[in-house]
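Hi,

Here is the structure I promised to pass on. Have a look at it, and then read my notes below.

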Amino acid sequence: MATMEVNVPDIGDFDEVAVIELLVKVGDKVRAEQSLITVESDKASMEIPSSHAGVVKAMSVKLGDKVKQGSVILVLETDVIAPPVIATASASGLAVTEAKQSASETKQPETASASGLAVTPPVIATAVIASAAKQSATAAPSGLAVTEAKQSNGLPQADGLRNDAGLPHASPSVRKFARELGVPLNEIKGSGPKGRISQEDVQAFSRAVMAGETRTQAQSSKAPAGDGAGLGLIPWPKVDFAKFGPIERKELGRIQKISGANLFRNAVMIPAVTNHDDADITELEAFRVATNKENEKSGVKVTMLAFLIKACVSALQKFPQFNSSLDGDALVYKHYWHIGFAADTPNGLMVPVLKDADKKGILQISAEMGELAKKAREGKLSPAEMSGATFTISSLGGIGGRYFTPIINAPEVAILGVCRSTMEPVWNGKEFEPRLMLPLSLTWDHRVIDGAAAARFNAHLGQILSDFRRVLL
Ligand code: CAO
């Protein structure tokens with residue numbers, strides 16, 4: 001047994017390069033030509049292969065160290081002091097493409113092969129350079145696609161998803177790219193041969209994390225989905241439901257997932273309060289029924305929601321903070337009145353937006369609402385038709401119920417929930433009178449609105465709904 005130092009070989013024009021990855025550790029058995037460390041210059045990253053086989057006795061470099069030709073990488077215990085392995089460009093032509101690329105980057109002298117393709121002269125344990133532009137498979141002179149594994153160094157790669165160092169298969173430049181994005185490479189399933197990870201795989205993973213479609217292990221360990229750990233809450237109860245009876249598991253739909261994430265954020269982040277009230281709509285309902293009779297032939301049906309939209313615009317104009325949004329320490333007051341309305345669709349909850357409700361009459365609002373609700377149910381709403389709302393109404397009037405606590409649709413600051421009207425005995429000072437009462441539930445953001453303003457908003461809404469002529473005032 002003998003020990004020997006393995007040094008950084010000639011790495012071309014690079015003066016000093018930083019060690020960005022340690023691919024082996026003390027005790028590891030390494031093969032000749034196996035990559036030991038990855039170094040990085042401002043132009044490229046390179047894997048430095050071992051000149052001999054043996055067992056790593058000591059590491060002489062650590063992450064972040066600057067090394068240059070001749071720097072000791074590690075100490076190897078070897079059986080035989082064999083002459084250093086000479087890595088050559090493959091004669092088959094498969095390695096030629098990358099060899100040429102490497103050569104151009106390292107500015108090593110090139111010679112022309114018999115085929116006319118440039119190949120590098122044999123180099124001793126030469127550094128392997130792979131720039132981002134060379135990650136993808138390129139066509140070999142033969143016309144066959146050559147994998148980057150072969151291009152990068154012409155050396156055989158370990159089978160399976162990981163290399164000898166237990167790292168996922170990826171070129172140095174892909175690793176560098178992942179490091180820069182903070183993407184954990186070992187969590188990516190490579191789409192290349194033998195699970196090799198490409199730059200596109202890294203980008204796709206990063207996109208999925210940003211879109212909330214997947215979570216990194218670090219994210220999961222900090223706040224597993226929906227378990228409340230991120231909020232410092234005790235974990236969500238885990239129950240094996242099947243122990244108690246037959247079950248069926250169904251994935252949430254796409255819209256449910258998106259609206260669920262939004263609702264969760266809004267419920268958690270907004271200090272919301274809900275005020276409940278009743279509005280007397282006896283006369284308004286009679287007017288609505290009469291209007292529908294008059295317009296029977298037009299095909300446009302007026303529901304209470306159209307009147308509510310118009311009444312809300314009046315209340316929003318009287319109390320402009322309800323038509324605002326918080327932006328840091330400032331309130332943004334909007335001088336337009338676009339009203340969103342929650343629509344129950346087969347795909348889940350959608351909120352089409354009726355634009356410029358202040359400029360439209362009840363019949364036009366009804367017609368547009370009908371059109372938007374139809375599109376919502378058919379899944380045909382465009383993003384523009386779902387954006388720009390300044391206030392939202394959620395009406396369960398067609399279904400039933402008394403009151404509920406709707407969740408504010410951020411960045412709006414209030415939402416009105418409406419339930420089914422019922423005929424109720426109302427004391428008029430002398431006697432009980434049957435009146436049609438509409439239950440209203442106004443949820444508001446306490447950072448922007450206070451209880452008194454909310455009570456006034458509801459009272460104003462009640463006055464308008466009980467006597468719609470007030471809209472004109
Ligand atoms: N009181 C009594 N009856 C009411 C009413 C109310 N407040 N609101 C509506 N109605 C009646 C309508 O007059 C209509 O009666 P007719 O069939 O006799 O004409 C019936 O209920 C059905 O109305 P509608 O629901 O078709 O129409 P709309 O304009 O009231 O609502 C829409 C349209 C799209 C908002 C509604 O269909 C819908 O999807 N509502 C659900 C919203 C929702 O899911 N909110 C919860 C969000 S939080 O999860």
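First, the ground rules. This is a predicted model, so local features need pLDDT of at least 70 and side-chain atom pairs count only at pLDDT 80 or more, while totals for chains, interfaces and linings use all residues. Residues are numbered from 1 along each chain as its sequence is written, and side-chain values use heavy atoms, with hydrogens and water left out.

**The ligand site**

What surrounds the ligand? There are 19 residues around the ligand, the closest being Lys 301, Thr 303, Asp 344, Ser 394 and Ser 421. By type, the shell splits into 9 nonpolar, 6 polar and 4 charged residues. Here Ala, Val, Leu, Ile, Met, Phe, Trp, Tyr, Cys and Pro count as nonpolar, Asp, Glu, Lys and Arg as charged, and the others, Gly among them, as polar.

At least two shell residues come from each of strand 20 (343-345), helix 9 (362-377) and strand 23 (391-395). Helices (H or I, at least four residues) and strands (E, at least two) are DSSP runs, numbered from the N terminus.

The side chain of Thr 303 has an N or O atom 2.5 Å from an oxygen atom of the ligand. From Asp 344, a backbone N or O atom sits 2.8 Å from a ligand oxygen. Cys 419 also uses a backbone N or O atom, 3.0 Å from a nitrogen atom of the ligand. On its own the ligand has 960 Å² of accessible area, and the protein covers 68% of that (Shrake-Rupley method, 1.4 Å probe; for residues, only the protein chains shown count as cover).

**Helix 6**

Helix 6 covers residues 254-269, and its end C-alpha atoms are 23 Å apart; this agrees with the 22 Å that 16 residues should span at 1.5 Å a residue (the expected span is 1.5 Å times one less than the number of residues). Which residues of helix 6 are buried? They are Ile 255, Ser 259 and Asn 266, where buried means under 20% relative accessible area, exposed over 50% and partly exposed in between (1.4 Å probe, protein chains only). Down the axis of helix 6, the buried residues fall within an arc of 25 degrees, so they line one face; the arc is that of the directions from the helix axis to the C-beta atoms. Arg 254, Phe 264 and Met 269 are exposed residues on the face turned away from that buried side.

- The peptide bond from Ala 410 to Pro 411 is cis, with omega near 5 degrees. Pro 411 is in the loop between strand 23 and strand 24 (414-418).
- Glu 33 is not a glycine but has a positive phi, near 80 degrees. Glu 33 is in the loop between strand 3 (29-30) and strand 4 (35-40), partly exposed at 25% relative accessible area.
- Asp 356, also not a glycine, has a positive phi near 50 degrees. Asp 356 is in the loop between strand 22 (353-354) and helix 9.

**Two buried residues**

Glu 21 is in strand 2 (residues 17-22) and counts as buried at 13% relative accessibility. Its side chain makes a polar contact of 3.0 Å with that of Arg 175 (a pair of N or O atoms within 3.5 Å; within protein, one must be able to donate a hydrogen and the other to accept it, and residues adjacent in sequence count only if both atoms are side-chain atoms). Ala 389, in the loop between helix 9 and strand 23, is buried at 16%.

Cheers

Key:
A residue is near a molecule or strand if one of its heavy atoms lies within 4 Å of it.
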